[in-house]
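Please look at the structure below and follow its strands and side chains step by step.

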Amino acid sequence: FSHHELGLSLSAPEGADLGLEGFFSFASGRSDFGLRVGALDSDDDSDLVLGGRFRTRLFTHSGDFPLDGALILGAGASLLENNNVLLIPVGFSMGRKIMLENSTTSFVPYFTPTVIPTFADDSDINFAVGLGVDMQFGSKFDLNVSGSFGDLDGISVSFSWLH
């Protein structure tokens, strides 16, 4: 996106039934910032989830290397009475935009190895790899399908309006 995006995510993370989040992100040069808020249905309770992320491009594909790369830093919290969890993911995403010939549709397959320090009753350092594809339809709509495996497993589908 060039300026900002507004969207919804539906997810099924490990240990929960379903999550629904709204998000807003805005771009500034080679970086972008995002904020998220939503609910996560786990067991008999619903958690309030809050998060933010910063992403900056570190390199662009060239004749020597075929992928683009970005550093991603985040902070997220799952808030439930007597069971709060804080996550601080640090990841490195690599992928490449593929334009369909004679079309305004593009695909960006990507993978993101991530270290996730987790602070709760039992603090830990987790590791996961995210895999996904970001599909942009024209200049206004984006669909992202992704999943992760490792210490934190899950799947997610997001739809956003781009400006």
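Arg-53 has a relative accessible area of 24% and is therefore partly exposed. The model that shows this is a predicted one. Which residue meets the side chain of Arg-53 in a salt bridge with an N to O distance of 4.0 Å? The partner is Glu-5. Glu-5 counts as buried because its relative accessibility is 9%, and the cut-off for buried is under 20%.

Arg-53 also forms a salt bridge with Asp-32, and here the closest N and O atoms are 2.3 Å apart. This pair again links distant parts of the chain, with Asp-32 in strand S3 and Arg-53 in strand S4, 21 residues apart. Is Asp-32 buried or exposed? With a relative accessible area of 8%, Asp-32 is buried. Glu-5, Asp-32, Arg-53 and Arg-55 are linked in a network of salt bridges. As background, side chains of opposite charge can pair when their charged atoms come close.

The structure holds 5 salt bridges. One of them joins Arg-36 and Glu-21, whose closest N and O atoms are 3.3 Å apart. Arg-36 lies in strand S3 and Glu-21 in strand S2, so the pair ties together parts 15 residues apart in sequence. Arg-36 is partly exposed, with a relative accessible area of 30%, whereas Glu-21 counts as buried at 18% relative accessibility.

Strand S1 covers residues 4-13 and strand S2 covers residues 18-28; the two run antiparallel and are joined by 8 bridges. Within this pairing, Leu-6 has Phe-24 of S2 as its bridge partner, and Leu-8 has Gly-22 of S2. S1 and S2 form a hairpin with 4 residues between them, and Gly-15 in the turn has a positive phi of about 85°.

S1 also pairs with strand S12 (residues 154-162), again antiparallel, through 9 bridges. Which residue of S12 is the bridge partner of Glu-5? The partner is Leu-162.

Ser-28 stands opposite Ser-31 in S3. The hairpin of S2 and S3 has 2 residues between the strands, and Gly-29 takes a positive phi near 65° there. In a regular strand, the side chains alternate between the two faces of the sheet.

Phe-33 counts as partly exposed at 30% relative accessibility, and Phe-54 is partly exposed with a relative accessible area of 25%. Both belong to one aromatic cluster made up of Phe-24, Phe-26, Phe-33 and Phe-54. Phe-24 of this cluster is the bridge partner of Leu-6 described above.

Key: Residues numbered from 1 in each chain as written. Predicted model: local features only at pLDDT ≥ 70, side-chain atom pairs only at ≥ 80, totals over all residues. Heavy atoms only, no water. Pairing = 2+ DSSP bridges. Buried < 20%, exposed > 50% of the residue type's maximum accessible area, 1.4 Å probe, protein only. Phe/Tyr/Trp six-rings, centres within 6.5 Å; stacked < 30°, edge-to-face > 60°.
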